[in-house]
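Reader: Could you walk me through reading cores and salt bridges in a model like this one?

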Amino acid sequence: MVTADPVPGQGHTSERIDPAYYLSSRADAFLYACHLATYDFAARHTAGCEVLDFGCGTGYGSHRIAGSCASIVGVDVSEDTIEEARRRFSAPGLSFRSIRPAEVAPLPFDDDSFDVVLSFQVYEHLPDTEAYLRQVRRVLRPDGLFICVTPDRSSRLFRGQRPWNRFHLHEYSQAELAAELAPHFARVEVAGMSADDELISLETRRYRKLRTLTYPVTFPGAPDAIRLPALRMLQRMERRRQAIDTTRAASSAT
């Protein structure tokens with residue numbers, strides 16, 4: 001299940017994803033595995049630390065690493081999502097809290113509150129990245145670590161193409177991301193994420209298909225009045241196709 005919350009003037013830009021949704025196909029399962037891998041990577045840096053998961057969604061990632069953290073608080077702008085996270089996940093030192101968007105109100109934490117701030121699959125949804133980064137910097141301790149994971153447009157999109165994920169306001173190249181982070185942090189390191197050749201090939205084919213299929217409505221400068229309705233329609237068509245394929249597979253199995 002994927003739901004989204006509206007941002008005034010921007011429409012729906014925030015994805016809320018139930019992990020079960022990702023198990024509907026091999027490609028989607030790979031995406032979910034990538035999400036889990038980012039938290040496993042973060043766990044190397046969060047052990048024994050006070051951690052903020054800034055945009056925690058349904059909370060499965062916060063819960064995944066909670067056992068090794070001194071404490072971790074997951075925050076999200078969706079109250080319904082936070083209620084779901086509280087209902088589904090509990091662990092010592094783990095808490096969830098709803099917040100207002102960074103461009104509307106500051107985080108409800110004191111300055112220098114956290115050793116590590118995580119931001120996973122959030123940055124591409126933000127209407128005001130500067131406001132978000134200012135809050136990260138404010139609540140992060142002077143020697144703290146900010147770990148940000150966001151899609152790399154260089155592998156997903158043609159030059160200048162707008163995102164084919166209708167919830168994404170902007171996708172960044174590694175150079176763009178580094179340039180935005182540099183004014184806020186003394187040292188910035190940007191790295192890619194990889195997997196074995198078979199899985200990378202699967203994901204590459206998916207990207208190439210989507211960027212080509214959606215280009216007529218995601219060309220450089222494509223207005224949202226065209227892009228968003230067309231992408232919603234394509235998404236509905238794809239869901240119907242997957243449902244038909246699943247039904248056929250079930251019929252074959254019986």
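Predicted model: local features only at pLDDT ≥ 70, side-chain atom pairs only at ≥ 80, totals over all residues.

Reader: Which residues have the most contacts inside the largest nonpolar core?

Author: In soluble globular proteins, nonpolar side chains tend to be buried together. A nonpolar core is a set of buried Ala, Val, Leu, Ile, Met, Phe, Trp, Tyr and Cys residues joined through side-chain atoms within 4.5 Å; buried means under 20% relative accessible area, exposed over 50%, partly exposed in between (1.4 Å probe, protein chains only). Here the largest one has 25 residues, and L52, F54, V117, Y132 and F146 have the most contacts inside it.

Reader: How many salt bridges does a search of the whole structure find?

Author: A salt bridge pairs a side-chain nitrogen of Lys or Arg with a carboxyl oxygen of Asp or Glu within 4 Å. The search finds 11. One of them joins R141 and D115, with the closest N and O atoms 2.8 Å apart. That pair links distant parts of the chain, 26 residues apart. D115 is partly exposed, at 23% relative accessible area, and a network of salt bridges links E50, D115 and R141.

Reader: What about R187 and E189?

Author: They form a salt bridge too, the closest N and O atoms being 2.2 Å apart, and both R187 and E189 are exposed.

Key:
Residues numbered from 1 in each chain as written. Heavy atoms only, no water. Helix = DSSP H or I, 4+ residues; strand = E, 2+ residues; numbered from the N terminus.
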